[in-house]
Amino acid sequence: MNKPSKYPILLFLYCAAALFTLYYCKNDKQQPVYEDLGSVKNRIIKTNTDFEKQIHELKTLVSKNTDEKLLQKKFQDIRKTYKKMEWAVEYFLPHSARLINGPALPEIEMDEHTEIEPEGLQVLEEMLYPYDKDNKEEVIRMLNKLINKSNTIKTNFQVITISKDQVFDALRQEAFRISSLGISGFDTPVSGTFLQEMPFSLEGIKETLQQISTRRSKDKALKNIVAEINSATEVLKKNTDKNTFDYVNFIPDRLNKITALMLDFKKQEKIPDVDVTTALHKNAATFFSKNAFNPNAFTPGKEYSYSEEKAALGHQLFNDNLLSDNNNRSCATCHIPEKAFTDGLAKAISLKNSELARNTPSLNYAGYQHGQFWDMRKDDLEGQSSDVISNKEEMHGDLNVILNKINQDKNYQAAFKKIYHSQKTEVWQLQNVLASYIRALAKFNSGFDEYMRGNKAAMTESQKRGFNLFVGKAQCAICHFIPLFNGTVPPDFKKTEQEILGVATNADNKTFDHDPGRGKFHETVPSLQHSFKTPTLRNIHKTAPYMHNGGYKTLKEVMNFYNKGGGKAFGFKVENQTLSDAPLQLTDKETDDIIDFMKALNDQ
């Protein structure tokens, strides 16, 4: 039998290919050619080549003792180039990103109790604003380190494989990075040039979306995103003064629209979710969407996942005296709902009615932090609950005794069995239901949230001015990150920061408070001495008095402390102070507006 000829098949394939080419050539007259993900990597590598070239140029200028203004201009060019590829470096090379554009503070290896020297763009910024020629060799050393990091970017993006879902996820994270860290000037605390840089971050998003788009989205979501990014860029070009920029309207009117449209792009392109649990739900259109945050991203594991049943049982136990030694105190004794789950006292009171060392922290939004207590000695809420219960000065409870009580109570035992399907309640289950209740306390329904969702009547004119000052002139948002207003760093929310403020024992600011804070557990780490977790400012009007020691009775006193420049400004020797000691130069009226804005953070 003769074999069938292969030529008809080849002819068919040739014709099909020709028709495919003719179709897309026709459509190419109306829309750009679709580029594959290899071209995305090529663009990153090309941008990185420009980045490295600019670093070498700055290095040459430094070696020639060039004028400060020219050095600063060249440095700004380097930063702008980095911003165009920031989305990729932060997502695919997070460790390198930390060393390229992380805070000018030592990176701390907690387990080893050691510090790693800071490096990168923020360190260079401190050296160039202003520039001291005596530091020339140190500036060159830091530039050489930056060149090494640029080589790391090149090497990695030449070999790694990146998929469309990852690229979109990275771009979405960058959009949220701009809406939180970028808009606050987190990485330009000295120069304050962030409004000039944001168009380059937005450009990186726009150009990459154009690369990965197909005809499914080009005339729909992509077209709208490009229009919104162009509009946002025009607004940014009109005003680059951080002290007068209209943040309170730019976020909802510009940035929120971009992140929302990106979900339309994802849907039209049929891009699947990256299968990783994240703090921000994959379907959250903005930071301020209802139910935008996922509490399970902050739990120790899947078995600890949040549920309303767990929270309800936790609520019951939270108010039950059986958790204490003599059945005379519950969690609610010191965490009063009307006071945003604080007690209204300067310092917590022990079982024997003596004053303890620190102020009772609010439990509102405590579920969105990595590190509990002022000194962050516990990683999560599960650990926090057992620490308080067993503390002899707070509740002096015995977890085994408490479990016996629960297992002998028919109602409690039935409730635990229904949730965990076990015959007897275990310690981790008790911890988990209490933690679940605390996770349920984050409501995200303040006037500020409503304003960001489009209700322009939800904040007063004073509160709007206050927010603009909070983000701009006062620089509050570089530590109290939008939208949680705590120290949990967006957009991935994987780390909660601590700060050293140089706090005094009280608001006369005459005596330094020597509480080591987190440094107690890391005695050989200088940068952690006197450091404390950055708490949320949500519901702050309900939680007086303030600071870890309760020494400041009013927000006016707190603002005065910050306005002057923290402990160093009052003469305290706090060499490791992370708060800038430069006075903010806020007027009384500006301070009052900021305090009024913080009232807009009260949950309804």
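Buried here means under 20% relative accessible area. The model shown in these close-up views is predicted.

View A. The structure holds zero disulfides.

**View B. Phe467 in its surroundings in the largest nonpolar core.** This core has 122 residues, and those with the most contacts inside it are Leu209, Phe448, Phe467 and Phe597. Apart from neighbours within four places in sequence, Phe467 is in contact with Tyr247, Val248, Ile251, Phe448, Met452, Met459, Ile482, Phe485 and Phe597. A second, separate core has 29 residues, among them Leu322, Ala332, Ala366 and Ile438.

**View C. The salt bridge between Lys46 and Asp50.** The closest N and O atoms of this pair are 3.7 Å apart. Both residues belong to helix H2 (residues 37–63), where a spacing of four residues separates them by about one helical turn. Lys46 is exposed, at 56% relative accessibility, whereas Asp50 is partly exposed, at 32%.

**View D. The salt bridge between Lys164 and Glu269.** Here the closest N and O atoms are 2.9 Å apart. Glu269 is buried, with 2% relative accessibility.

**View E. The salt bridge between Lys464 and Glu461 within helix H18.** The closest N and O atoms are 2.7 Å apart. The two residues are three places apart in helix H18 (residues 461–471), about one turn of the helix. Lys464 is buried, with a relative accessible area of 14%, while Glu461 is exposed at 53%.

**View F. A network of salt bridges that includes Arg141.** The linked residues are Glu117, Glu119, Glu138, Arg141, Lys145 and Lys149. Side chains of opposite charge can pair when their charged atoms come close. In the structure the count of salt bridges comes to 34.

Technical notes:
Residues are numbered from 1 along each chain as its sequence is written. This is a predicted model: local features need pLDDT of at least 70, side-chain atom pairs count only at pLDDT 80 or more; totals for chains, interfaces and linings use all residues. Side-chain values use heavy atoms; hydrogens and water are left out. A nonpolar core is a set of buried Ala, Val, Leu, Ile, Met, Phe, Trp, Tyr and Cys residues joined through side-chain atoms within 4.5 Å. Buried means under 20% relative accessible area, exposed over 50%, partly exposed in between (1.4 Å probe, protein chains only). Contact means heavy atoms within 4.5 Å. A disulfide is a pair of cysteine sulfur atoms within 2.5 Å. A salt bridge is a side-chain nitrogen of Lys or Arg within 4 Å of a carboxyl oxygen of Asp or Glu.
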